[in-house]
Amino acid sequence: MRSETIAIHGGYTADPTTRSVAVPIYQTVAYAFDSAEHGAALFNLELEGHRYSRISNPTTAVLEQRVAALEGGVDALCVSSGQAALNYSVLGLTESGSNLVSVPQLYGTTHTLFAHVLPKLGIDVRFAESDRPLDIERLIDDRTKAVFCESVGNPAGNICDIEALATVAHKHGLPLLVDNTVATPMLLRPIDYGADIVVHSLTKFLGGHGTTLGGIIVDSGNFPWERYSTRFPMFSEPDASYHNMIYSSHFGRAAYIARCRSVFQRTMGAVLSPLSAFLLLQGIETVGVRIDRHVENARRVAEFLRDDDRVDWVNYAGFADNPYYTLAQKYLGGRACSIMTFGIRGGFEGGTAFYNALGLIKRLVNLGDAKSLACHPASTTHRQMSAQEQRNAGVTPETIRLSIGIEHVDDIISDLDQALGAAAGRLT
Ligand SMILES: *Cc1c(COP(=O)(O)O)cnc(C)c1O
């Protein structure tokens with residue numbers, strides 16, 4: 001099936017008991033055992049089934065199967081937010097004393113996790129100078145456990161050369177971990193280009209309506225953990241925390257994601273609620289048509305800004321003179337995402353004057369909503385960074401990041417037009 005169809009039907013046929021066509025909300029914590037023996041078989045993972053909703057839930061399982069299918073993975077694990085997905089996906093590969101090599105263009109909170117929180121657990125994150133494969137490769141050593149990138153960086157708008165990064169990672173026996181939140185599987189499936197693990201904030205385009213937090217980790221099933229068992233002994237050695245389970249033998253290709261669930265989700269517990277899973281499933285049903293409109297509206301807005309004298313610069317990968325234009329053609333089929341950054345004259349003051357004048361377009365820190373949104377990173381998401389770190393992340397004092405929604409494009413453009421006028425008035 002094509003992605004648009006998977007988005008509507010993936011992971012679900014009809015509830016076996018009620019024949020419900022919509023995915024039911026299983027608002028339950030636990031599931032009854034037929035007998036002591038039945039419970040024991042479930043705990044031994046000899047039988048498939050649900051035991052306790054911290055570990056798995058039937059509503060959430062549909063969402064996991066649907067997104068795994070959209071991304072072309074073997075299995076997935078839902079968690080309570082995109083940040084929880086990033087946390088568990090990294091913990092699933094690392095331990096104290098190991099390191100991760102990352103591109104520098106990251107979502108602000110991911111940068112904080114990598115630069116300030118993981119190091120306190122003994123996990124060092126090395127930021128490359130750029131997203132170029134050579135800059136990544138020179139930081140890899142024998143304690144590196146993964147290479148990390150955002151397929152489309154938030155807010156920098158850079159597009160990573162996933163195929164080249166996967167080649168570098170694999171050459172060193174490492175998995176490539178990709179945050180695909182901004183692109184969504186409707187525009188790009190990183191696993192098709194060699195990515196091994198994909199994470200998402202479901203909060204953004206997949207949910208799509210700004211109502212529900214959620215995250216997911218998708219396992220491609222392609223990384224050969226057993227071949228690199230010295231670097232990744234956790235998949236081929238008995239796990240004392242789970243009656244000496246050997247993940248590779250028991251779960252085969254799904255060893256990584258099974259361990260994320262039975263070690264990290266089970267003991268750390270950042271669980272997605274079944275109601276949230278239901279709401280996110282509703283959003284995903286329309287992601288195909290929404291992304292088409294997002295992309296088309298964004299192109300029109302980018303052209304408006306580029307042609308306006310009050311605007312200094314526009315960073316939009318759909319323009320032929322953008323440094324990421326060729327990669328946008330290759331990885332996004334030329335459908336540059338609906339996130340863009342731009343700057344008006346007047347530095348921090350110009351940026352904030354414009355920002356304060358917006359009407360229809362909401363001032364907030366979110367993206368991927370049906371509504372058009374604007375963020376001023378220097379005063380919000382990226383304010384904890386040094387000026388140099390901001391520049392590396394693609395943020396200058398006047399930068400405004402737009403997430404173009406699916407309203408009528410003329411209404412979006414009129415709001416931008418009046419806010420540009422108001423800012424120009426303030427500055428002269
Ligand atoms: C929003 C976002 C996250 C974090 O997701 P939450 O659901 O808010 O925790 C991670 N990565 C990217 C690229 C994001 O845009």
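Of the 15 residues around the ligand, those that come nearest are Gly82, Asp179, Ser201, Thr203 and Lys204. Here a residue is near a molecule if one of its heavy atoms lies within 4 Å of it. This is a predicted model: local features need pLDDT of at least 70, side-chain atom pairs count only at pLDDT 80 or more, and totals for chains, interfaces and linings use all residues. Residues are numbered from 1 along each chain as its sequence is written, and side-chain values use heavy atoms, with hydrogens and water left out.

**The ligand and its shell**

- A backbone N or O atom of Gly82 lies 2.8 Å from an oxygen atom of the ligand.
- The side chain of Thr203 has an N or O atom 2.6 Å from an oxygen atom of the ligand.
- The side chain of Lys204 has an N or O atom 2.7 Å from an oxygen atom of the ligand.
- Taken alone, the ligand exposes 380 Å², and the protein buries 94% of that. Accessible areas come from the Shrake-Rupley method with a 1.4 Å probe.
- Helix α4 (residues 82–91) gives the most to the shell around the ligand, with 3 residues. Helices (H or I, at least four residues) and strands (E, at least two) are DSSP runs, numbered from the N terminus.
- By class, the shell has 4 nonpolar, 8 polar and 3 charged residues. Ala, Val, Leu, Ile, Met, Phe, Trp, Tyr, Cys and Pro count as nonpolar, Asp, Glu, Lys and Arg as charged, and the others, Gly among them, as polar.

**The second largest pocket**

- The ligand takes the space of the second largest pocket. A molecule sits in a pocket if more than half of its atoms lie within 2 Å of its grid points.
- On a 1 Å grid over the protein atoms alone, a pocket is an open set of points with protein on both sides within 12 Å along at least five of seven lines; a cavity is a set where a 1.4 Å probe fits but cannot get out; lining residues have an atom within 4 Å of a point.
- About 400 Å³ of space lies in the second largest pocket. A volume is the space filled by probe spheres set on the points, which are joined across faces, edges and corners.
- This pocket is lined by 25 residues, and Gln83, Tyr107, Thr109, Ser201 and Lys204 lie nearest its centre.
- The elements that give two or more residues to this lining are α4 and α5 (108–117).
- The lining divides into 7 nonpolar, 14 polar and 4 charged residues.

**The largest pocket**

- The largest pocket holds about 650 Å³ of space.
- It is lined by 21 residues, and Glu48, Gly49, Ser56, Asp75 and Arg261 are the closest to its centre.
- Two or more residues of this lining come from each of α3 (58–71), α9 (247–251) and α10 (255–268).
- Helix α10 gives the most to this lining, with 4 residues.
- The lining of the largest pocket has 10 nonpolar, 6 polar and 5 charged residues.

**The cavity**

- The structure holds 1 cavity of 30 Å³ or more.
- About 100 Å³ of space lies in the largest cavity.
- Its lining has 14 residues, of which Val152, Gly157, Tyr316, Ala317 and Ile339 lie nearest the centre.
- Strand β9 (residues 339–344) gives the most to this lining, with 3 residues.
- The cavity lining has 11 nonpolar, 3 polar and no charged residues.

**Backbone features**

- Most residues other than glycine have a negative phi, and most peptide bonds are trans.
- A cis peptide bond joins Asn154 and Pro155, with omega about 5°.
- Pro155 lies in the loop between β4 (144–150) and α7 (162–171).
- His243 is not a glycine, yet it has a positive phi of about 20°.
- His243 is in the loop between β7 (215–219) and α9.

Definitions and conventions:
Polar contact = N/O pair within 3.5 Å; in protein donor to acceptor, adjacent residues only side chain to side chain.
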